[in-house]
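Hi,

Here's the structure I promised to pass on. Have a look at it first, and then read my notes below.

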Amino acid sequence: MTQPLRKLHRRVMIVLAVLLPAAFVAGLAARKSPAPANPRIHRETLLGNRP
Amino acid sequence: MSVQYQAIGWNRQKRIYDSTLAVGVLLYLALFAGIGALVHPNATIETLLIRAFGTAALLLLHVILSIGPLCRLDRRFLPLLYNRRHLGVTMFTLSLAHGVFAIVQFHALGDVNPLVSIFVSNTRYTSLADFPFQSLGFAALLILFVMAATSHDFWLHNLSAPVWKRLHMLVYVAYALLIAHVTLGALQSETSPLLAMIVGIGLATVLSLHLAAAFRERRVDDACATAGRDGFVEVCDAAEIPENRAVVVSVAGERVAVFRYGDRISAISNVCRHQGGPLGEGRIIDGCVTCPWHGYQYLPDSGCSPPPFTEKVPTYRVRVIDGKAHVRACPLPPGTRVEPAPIRQGERTQV
């Protein structure tokens, strides 16, 4: 690679090294806790496999 | 190295490389779908395929992005670089399969155009947890398409290596979009921490490898030698240059490869005309400097590829004074023949 390209690559990687982990952690932090399963509903019943 | 365009210039190494790749991908897809069906018996085959193609593409992208810096840090990884573009096209194909199955599964059954539906079916663009992550994947897929479509040497030759390289640096944008696509998509509904850990480890690996390689390169660039009043730069003891190999020196902002072969030295640009590979990390084979990336060859005294090839790189004047190799900072036009400087201890020779 030529020096300008190496410089561009280095700058891109520095930006990504800051932004990507931040976005990744923010995305994980924004996760909603899954709704608890309703014990009175049986999937098999809904699918018609159970009387 | 080829004098005319072919769809693929097959050779033994490429066949082995591509066979290994095909077997690896098929094995991964079969294992993922098989184990997925056992662990999630209620999952549909479409869902399993969407996940299998998506994870295979993401895994392959991490491998692709790691190859470049690994080669900069350790020469033993160079064979992986040789056919990296085939990895890229395979990764695009897997991504396309993932995208097509996902669009058919989630966007094709309404009264809106499926491609429009990706952007309008969910418009919560301000919410992280409910972000329409498919739009990020679609944008990444478009970039990967452009890269796969221009991956052939035809485009490399016609766009020129610097433009082609800059175009293909869009892979980092695609990678960022895909990490966001996975984080705001699959990871939002995934209850097991395993997937988040794998993505996190992959991200950390790619970023640290690239940063380590980038700063190693920077150290070489920063050690830029200054020319004397006659324009020459002292490189090293000529006898220290390994036989049929080079010492690379940073001169006037660019790198020069000073090769020793027999009792002579010659200097050419360190940048291969093909993809900008580091010629100084190659060696002289059959009398030609051979690029370690894809085997492009140049005569050390003229910088010309041997006939019938037409590639040329700039050459530099060289001299040996008291056993020290010197190179003139100013490059000569590509293909200019320069008489090699003989290595004779204690004798001043200049060309």
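One cut-off before anything else: I call a residue buried under 20% relative accessible area, exposed over 50%, and partly exposed in between. By that rule B:Asp230, at 38% relative accessibility, counts as partly exposed. Please also keep in mind that this is a predicted model.

Since I've brought up B:Asp230, let me start with the salt bridges. Over all chains, the structure holds eleven of them. As a reminder, side chains of opposite charge can pair when their charged atoms come close.

B:Asp230 forms its salt bridge with B:Arg319, and the closest N and O atoms are 2.7 Å apart. This pair links distant parts of the chain: B:Asp230 sits in the loop between α11 and β1 (232–237) of chain B, while B:Arg319 is in strand β9 (residues 318–321) of chain B, 89 residues apart. Buried or partly exposed, what is B:Arg319? B:Arg319 has 6% relative accessibility, so it counts as buried, whereas B:Asp230 is partly exposed.

Next is B:Glu217 with B:Arg72, another salt bridge, with 2.9 Å between the closest N and O atoms. B:Glu217 belongs to helix α11 (residues 194–222) of chain B and B:Arg72 to helix α2 (residues 45–73) of chain B, so this pair ties together parts that are 145 residues apart in sequence. B:Glu217 is buried, with a relative accessible area of 9%. B:Arg72 is at 17% relative accessibility and therefore counts as buried.

With a relative accessible area of 41%, B:Glu243 is partly exposed. There is also a network: B:Arg72, B:Glu217, B:Arg255 and B:Glu281 are joined into one by salt bridges that share partners.

Now for the contact between the two chains. How many salt bridges are there between chain A and chain B? The count is zero. What you do get is five residue pairs in polar contact, both residues being at pLDDT 80 or more. On the side of chain A that touches chain B, helix α1 (residues 3–29) of chain A gives the most, with 19 residues. Sorted by class, that side of chain A has 17 nonpolar, four polar and five charged residues. Overall, the contact takes 26 residues from chain A and 34 residues from chain B. The two chains bury about 2800 Å² between them, with 69% of it on carbon and sulfur atoms.

A:Leu5 counts as buried because its relative accessibility is 2%. Leaving aside neighbours within four places in sequence, A:Leu5 is in contact with B:Lys165, B:Arg166 and B:Met169.

Another spot that reaches across is B:Gly253, in the loop between β2 (245–251) and β3 (254–261) of chain B. Neighbours within four places in sequence aside, B:Gly253 is in contact with A:Gln3 and B:Cys224. B:Gly253 is at 21% relative accessibility and so counts as partly exposed. The C-alpha atoms of B:Gly253 and B:Asp222 are separated by 8.9 Å, with the two residues 31 apart along the chain.

As for chain A by itself, there are two helices and zero strands. Of the 51 residues in chain A, 18% are buried. The accessible surface of chain A comes to about 3800 Å², and 64% of that belongs to carbon and sulfur atoms.

Last one, back in chain B: B:Ser266, found in strand β4 (residues 264–269) of chain B. B:Ser266 counts as buried because its relative accessibility is 2%. Its side chain makes a polar contact with the side chain of B:Tyr261, at 2.5 Å. Not counting residues up to four places away in sequence, the residues that B:Ser266 touches include B:Ala257, B:Phe259, B:Pro300, B:Asp301, B:Val318 and B:Pro340.

Cheers

Notes. Residues numbered from 1 in each chain as written. Chains lettered and ligands numbered in written order. Predicted model: local features only at pLDDT ≥ 70, side-chain atom pairs only at ≥ 80, totals over all residues. Heavy atoms only, no water. Contact = heavy atoms within 4.5 Å. Buried area = accessible area lost by both parts, 1.4 Å probe. Salt bridge = Lys/Arg side-chain N within 4 Å of Asp/Glu carboxyl O. Polar contact = N/O pair within 3.5 Å; in protein donor to acceptor, adjacent residues only side chain to side chain. Helix = DSSP H or I, 4+ residues; strand = E, 2+ residues; numbered from the N terminus. Nonpolar A, V, L, I, M, F, W, Y, C, P; charged D, E, K, R; others polar. Buried < 20%, exposed > 50% of the residue type's maximum accessible area, 1.4 Å probe, protein only. Areas by Shrake-Rupley, 256 points an atom, 1.4 Å probe, with all protein chains shown as cover.
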